[in-house]
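Please keep the sequence and the structure in view while reading.

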Amino acid sequence: MTQQYLNDDISEKYNKSWNSAREETLPNTTLENLYVICSYFEIEIDNFFKIVRNITDEEIDEAIKSKKKLSTIYKNI
């Protein structure tokens, strides 16, 4: 799935303009955006926050240093 496809699909399904690429360069994620993303991928929002809460600072630092995507580390999401 490309970012453009995701943007277009979210726009069509939720009538909401959102640019996923912007989240990489200038994150400004709102609770509304999180809700839409979770809904889109059929993830319960409370489950999303449970998963996020279990990610350690060390894992985030290592992912950033090695430029690995967190999605490859946490593919069970």
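**Fold and confidence**

This is a predicted model. The chain holds 6 helices and 0 strands. Read from the N terminus, the order of elements is α-α-α-α-α-α. Of its 77 residues, 21% count as buried. Take the contacts between residues at least 6 apart in sequence: 31% of these join residues at least 24 apart.

The average pLDDT is 81, and 74% of the residues score at least 70. Helix H4 has the highest mean pLDDT among the elements, at 92. Helix H6, residues 70-73, has the lowest, at 61. Where pLDDT is low, predicted coordinates should not be read in detail.

**H3 against H4**

Two packed helices are described by the angle between their axes and by the distance between those axes. Helix H3 spans residues 31-40, and helix H4 spans residues 45-53. Their axes lie 9 Å apart, at an angle of about 105°. An angle of 65 to 115 degrees counts as roughly perpendicular, so H3 and H4 are roughly perpendicular to each other.

Which residues make the contact of H3 with H4? H3 supplies Leu 31, Leu 34, Tyr 35 and Cys 38. H4 supplies Ile 45, Phe 48 and Phe 49. By class, the residues of this contact are 7 nonpolar, no polar and no charged.

Ile 45 sits in helix H4. Leaving out residues up to four places away in sequence, Ile 45 touches Leu 34, Tyr 35 and Cys 38. Ile 45 is partly exposed, with a relative accessible area of 29%.

On the H3 side, the buried residues of the helix are Asn 33, Leu 34, Val 36, Cys 38 and Tyr 40. Leu 34 and Cys 38 are among the residues that H3 brings to H4.

**H1 against H3**

H3 also packs against H1. The axes of H1 and H3 come within 11 Å and cross at roughly 95°. H1 and H3 are therefore roughly perpendicular to each other.

From H1, the contact uses Tyr 5, Leu 6, Asp 9, Ile 10, Lys 13 and Tyr 14. From H3, it uses Val 36, Ser 39 and Tyr 40. The residues of the H1 contact with H3 divide into 6 nonpolar, 1 polar and 2 charged. Val 36 and Tyr 40 are also among the buried residues of H3.

**Aromatic pairs**

How many aromatic pairs does the model contain? The count comes to 2 aromatic pairs. In one of them, the ring centres of Tyr 40 and Phe 41 are 5.0 Å apart and the planes stand at 80°, so the pair is edge-to-face. Phe 48 and Phe 49 form an edge-to-face pair as well, with 5.4 Å from centre to centre and 75° between the planes. The cut-off for edge-to-face is over 60 degrees between planes.

| Residue | Relative accessibility | Class |
|---|---|---|
| Tyr 40 | 13% | buried |
| Phe 41 | 42% | partly exposed |
| Phe 48 | 21% | partly exposed |
| Phe 49 | 36% | partly exposed |

Buried means under 20% relative accessible area, so Tyr 40 at 13% qualifies. Phe 48, at 21%, counts as partly exposed.

Where does Glu 42 lie? Glu 42 is in the loop between H3 and H4, just after H3. Its phi is positive, at about 55°, although Glu 42 is not a glycine. Glu 42 is exposed, with a relative accessible area of 74%.

Asn 15 belongs to the loop between helix H1 (3-14) and helix H2 (20-25). Phi of Asn 15 is near 55°, a positive value in a residue other than glycine. Asn 15 is exposed, with a relative accessible area of 72%.

Terms used:
Residues are numbered from 1 along each chain as its sequence is written. This is a predicted model: local features need pLDDT of at least 70, side-chain atom pairs count only at pLDDT 80 or more; totals for chains, interfaces and linings use all residues. Side-chain values use heavy atoms; hydrogens and water are left out. Rings of Phe, Tyr and Trp (its six-membered ring) pair if their centres lie within 6.5 Å; planes under 30 degrees apart count as stacked, over 60 as edge-to-face and the rest as tilted. Buried means under 20% relative accessible area, exposed over 50%, partly exposed in between (1.4 Å probe, protein chains only). Axes are lines fitted to C-alpha atoms, for helices over the stretch in contact, and angles run from 0 to 180 degrees between N-to-C directions. Helices (H or I, at least four residues) and strands (E, at least two) are DSSP runs, numbered from the N terminus. Angles under 35 degrees count as roughly parallel, over 145 as roughly antiparallel, 65 to 115 as roughly perpendicular and the rest as oblique. Contact means heavy atoms within 4.5 Å. Ala, Val, Leu, Ile, Met, Phe, Trp, Tyr, Cys and Pro count as nonpolar, Asp, Glu, Lys and Arg as charged, and the others, Gly among them, as polar. pLDDT is the predictor's confidence in each residue, from 0 to 100.
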